[in-house]
Amino acid sequence: TFTAWCNSHLRKAGTQIENIEEDFRDGLKLMLLLEVISGERLPKPERGKMRVHKINNVNKALDFIASKGVKLVSIGAEEIVDGNAKMTLGMIWTIILRFAIQDISVEETSAKEGLLLWCQRKTAPYKNVNVQNFHISWKDGLAFNALIHRHRPDLIDYDSLRKDDPVTNLNNAFEVAEKHLDIPKMLDAEDIVGTLRPDEKAIMTYVSCFYHAFSGAQKAETAANRICKVLAVNQENEQMMEDYEKLASDLLEWIRRTIPWLENRTQEKTVKDLQAKQEDFRDYRTVHKPPKVQEKCQLEISFNTLQTKLRLSNRPAFMPSEGRMVSDINLAWLSLEGAEKGYEEWILSEIRRLERLEHLAEKFHQKAAIHESWTDGKEAMLTQKDYETSTLSEVKALLRKHEAFESDLAAHQDRVEQIAAIAQELNELDYYDAASVNARCQKICEQWDSLGSLTQRRKESLERTEKQLETIDELYLEYAKRAAPFNNWMEGAMEDLQDMFIVHNIEEIQGLITAHEQFKSTLPEANKEREAIQAIQAEVQKIAQSNGIKLSGANPYTTITPQSIDSKWEKAMAMVPQRDNALQDELNKQNSNDSLRATFATQANTVGAYIQAKMEEIGRISIEMNGTLEDQLTNLKEYQKSILSYMPEINKLEGYHQHIQEALIFDNQYTSYTMEHLRVGWEQLLTTIARTINEVENQILTRDAKGISQEQLYEYRASFNHFDK
């Protein structure tokens with residue numbers, strides 16, 4: 001701490017010490033330290049390196065300390081030269097007490113007690129700070145921060161500090177003091193916190209630096225304030241003199257500029273221009289003059305105040321520049337008010353003179369404005385060709401609207417005549433702005449003639465367009481009357497051409513082909529009707545183009561367009577050959593089916609007759625069998641074999657039947673036989689033969705087993721056959 005304190009002063013002389021016991025031994029830096037802190041010159045030091053030179057230098061320093069009323073007990077030059085740490089530190093502490101602490105005086109207390117009282121007064125408003133001594137009261141670091149914040153609140157955020165973090169608090173205060181207050185760091189935060197009772201001398205030394213830093217600045221500020229106050233009074237008086245001179249000069253200049261303006265009698269051409277002058281005069285009275293009146297009063301007050309202040313401070317009286325006395329300003333002000341009165345009377349007489357002429361001109365412009373407002377847009381309305389894109393009903397409405405406009409136009413004839421009469425009167429009275437009045441009147445008359453011509457031309461155009469649209473409307477109606485049935489015919493024809501057909505024989509398909517040929521025979525006549533309908537639409541377009549009519553929309557009587565008619569006609573014509581091909585394909589199919597029917601019928605009739613004959617034959621055989629049972633059995637098997645040999649014909653018929661099924665033929669007018677019927681007959685034939693053979697075989701078995709004679713069996717069979725029949 002003592003080393004840092006010494007260095008805080010030695011650095012002002014451009015040097016410092018590293019070791020307090022060694023660096024003061026030659027007495028040179030000790031003498032330099034005393035010169036810096038006292039501001040006085042010490043005897044010249046000896047520059048020799050011998051011990052005697054060092055002792056002499058230290059004695060010079062100790063003699064200087066003693067001359068300041070400090071008693072050095074047991075401290076000799078030899079101990080300092082020998083590097084006695086205790087004696088050296090004691091000497092430095094004595095210097096600190098004399099030069100840093102003894103001169104402190106606060107409320108009739110001095111030295112240590114004065115420094116303690118100063119700390120208490122400065123830290124009293126701060127929470128958690130209670131300075132009662134120079135040891136434990138400073139351990140938490142808050143007292144150091146409070147001292148800095150009291151004098152420089154911009155350097156420390158005191159409210160953010162915590163009592164339970166003393167190391168941070170101490171380091172914060174030490175760093176801020178070193179950086180911003182030029183107070184070197186003389187204490188170690190860890191040492192203070194880690195010691196039960198911090199070193200009182202070290203803290204006193206460090207705190208005294210704060211006292212000298214802050215109290216020195218306060219004294220300098222007080223002295224500066226006193227000097228500034230004296231200077232401010234003188235500057236204020238000088239400023240008042242300058243303000244008076246400037247204000248008086250400005251006011252006289254304003255009066256000099258204003259009087260010629262008030263004496264100007266240039267006549268205006270209109271009441272409006274003169275009223276503008278009157279308004280300027282009113283602004284002068286209400287806006288420009290009042291501040292000048294106030295400036296004049298302020299000028300007199302400032303002059304009197306300045307003279308009083310100079311007299312009280314024993315200064316010579318203020319004498320304004322020549323021509324800027326208060327009396328000079330009053331004379332100029334009287335001239336201003338005289339000119340002001342004459343100007344006001346002239347303005348009133350001029351207004352009355354111009355009002356009569358202005359009234360007539362205003363009447364002209366009012367009527368002209370009304371007329372121009374009415375004609376605004378009329379030429380554009382009359383020259384527009386809205387009828388070219390309008391319908392017949394819209395054109396009729398435009399005609400009625402035009403008739404109303406013609407009535408309105410006639411009603412405005414009187415106003416045009418009045419405008420011309422007023423313009424003539426203004427010319428006779430030699431109105432100053434007669435040229436513009438004549439030009440406006442001429443423009444109105446020319447425009448009126450133009451409106452008449454445009455009105456007549458628009459009427460003719462509307463009537464001509466009405467006749468043309470009536471012709472177009474009749475054509476539209478005729479088109480609609482013919483297009484509707486023709487469109488229905490085409491839609492029906494397209495439905496017929498797209499209609500699916502199902503036939504079962506040649507006669508049916510031939511009937512459809514005949515009907516289709518009849519339909520095709522009507523197409524040339526239908527095409528003529530189509531062309532006639534399209535010709536109606538072409539006539540509408542021709543009329544519109546030749547007369548510059550822009551058709552606004554479609555036919556109002558129908559939604560059927562020429563394009564839709566042509567589109568449907570093309571679709572129908574494309575369907576005709578498709579229908580021809582479909583009917584021809586069906587005819588070929590029916591011819592093929594008829595051939596299949598005939599082939600099947602020929603074979604079915606043969607097979608059916610064969611089965612029927614054989615069935616009858618087997619019936620007779622079973623009744624009329626003769627010979628032994630063995631002979632009968634042999635004959636029956638031979639007969640069965642002959643029947644089975646007919647099977648290829650049955651298979652052939654099955655093949656024909658398969659073709660018929662694949663062709664989806666469900667009827668056959670060439671035969672009454674069906675494949676199912678013939679199959680059943682064939683199976684029945686085979687079953688009958690097999691049953692008959694089985695019966696004969698059973699008879700043989702019965703005969704052999706029962707011993708019944710053949711005659712007996714024949715008798716039984718004859719009886720059963722009789723009953724069977």
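When I say helix, I mean a DSSP run of H or I with at least four residues, numbered from the N terminus.

A quick word on the source. This is a predicted model, where local features need pLDDT of at least 70 and side-chain atom pairs count only at pLDDT 80 or more, while totals for chains, interfaces and linings use all residues. Residues are numbered from 1 along each chain as its sequence is written, and side-chain values use heavy atoms, with hydrogens and water left out.

Back to N668. Is N668 buried or exposed? N668 is buried, because its relative accessible area is 19%, and buried means under 20%, exposed over 50%, and partly exposed in between, using a 1.4 Å probe and protein chains only. A polar atom of the N668 side chain lies 3.0 Å from the backbone oxygen of R597. The backbone nitrogen of Y670 also lies 3.0 Å from a polar atom of that N668 side chain. Leaving out residues up to four places away in sequence, N668 touches R597, F600, A601 and I660; contact here means heavy atoms within 4.5 Å.

Now let's turn to Q534, which is found in helix 19. Q534 is buried, since its relative accessible area is 15%. Its side chain makes a polar contact with the side chain of D566, at 2.7 Å. A polar contact is a pair of N or O atoms within 3.5 Å; within protein, one must be able to donate a hydrogen and the other to accept it, and residues adjacent in sequence count only if both atoms are side-chain atoms. Neighbours within four places aside, Q534 is in contact with P562 and D566.

Q545 lies in helix 19 too, which covers residues 523-546. Q545 is exposed, because its relative accessible area is 65%. Which distance separates Q545 from L28 in space? From C-alpha to C-alpha it is 125 Å, and the two are 517 residues apart in sequence.

As for W5, its contacts beyond four places in sequence include L33, I37, I95, I96 and C209.

Let's look at how some helices pack. Helix 12 (residues 271-312) and helix 13 (residues 326-375) have axes 10 Å apart and pack at an angle of about 165°. The axes are lines fitted to C-alpha atoms, for helices over the stretch in contact, and the angles run from 0 to 180 degrees between N-to-C directions. Helix 12 and helix 13 are therefore roughly antiparallel. For the wording, angles under 35 degrees count as roughly parallel, over 145 as roughly antiparallel, 65 to 115 as roughly perpendicular and the rest as oblique. The crossing of helix 12 past helix 13 is left-handed, meaning that the near helix is turned anticlockwise from the far one by less than a right angle.

In the loop between helix 12 and helix 13 we find M325. M325 counts as partly exposed, because its relative accessibility is 28%. M325 and E300 are 25 residues apart in sequence, and 9.6 Å apart in space, C-alpha to C-alpha. With neighbours within four places set aside, M325 is in contact with Y244, M319 and P320.

Helix 13 also packs with helix 17 (residues 434-498), at an angle of about 30° and with axes 11 Å apart. The two are therefore roughly parallel. Residues making this contact include F364, H365 and W374 of helix 13, and V437, R440 and W448 of helix 17.

I'll finish with two loop residues. N128 is in the loop between helix 7 (111-123) and helix 8 (142-151), and its phi is near 65°, a positive value in a residue other than glycine. N128 is partly exposed, given a relative accessible area of 46%. D182 is found in the loop between helix 9 (166-180) and helix 10 (189-194). Phi of D182 is near 60°, again positive in a residue other than glycine, and D182 is exposed, with a relative accessible area of 52%.
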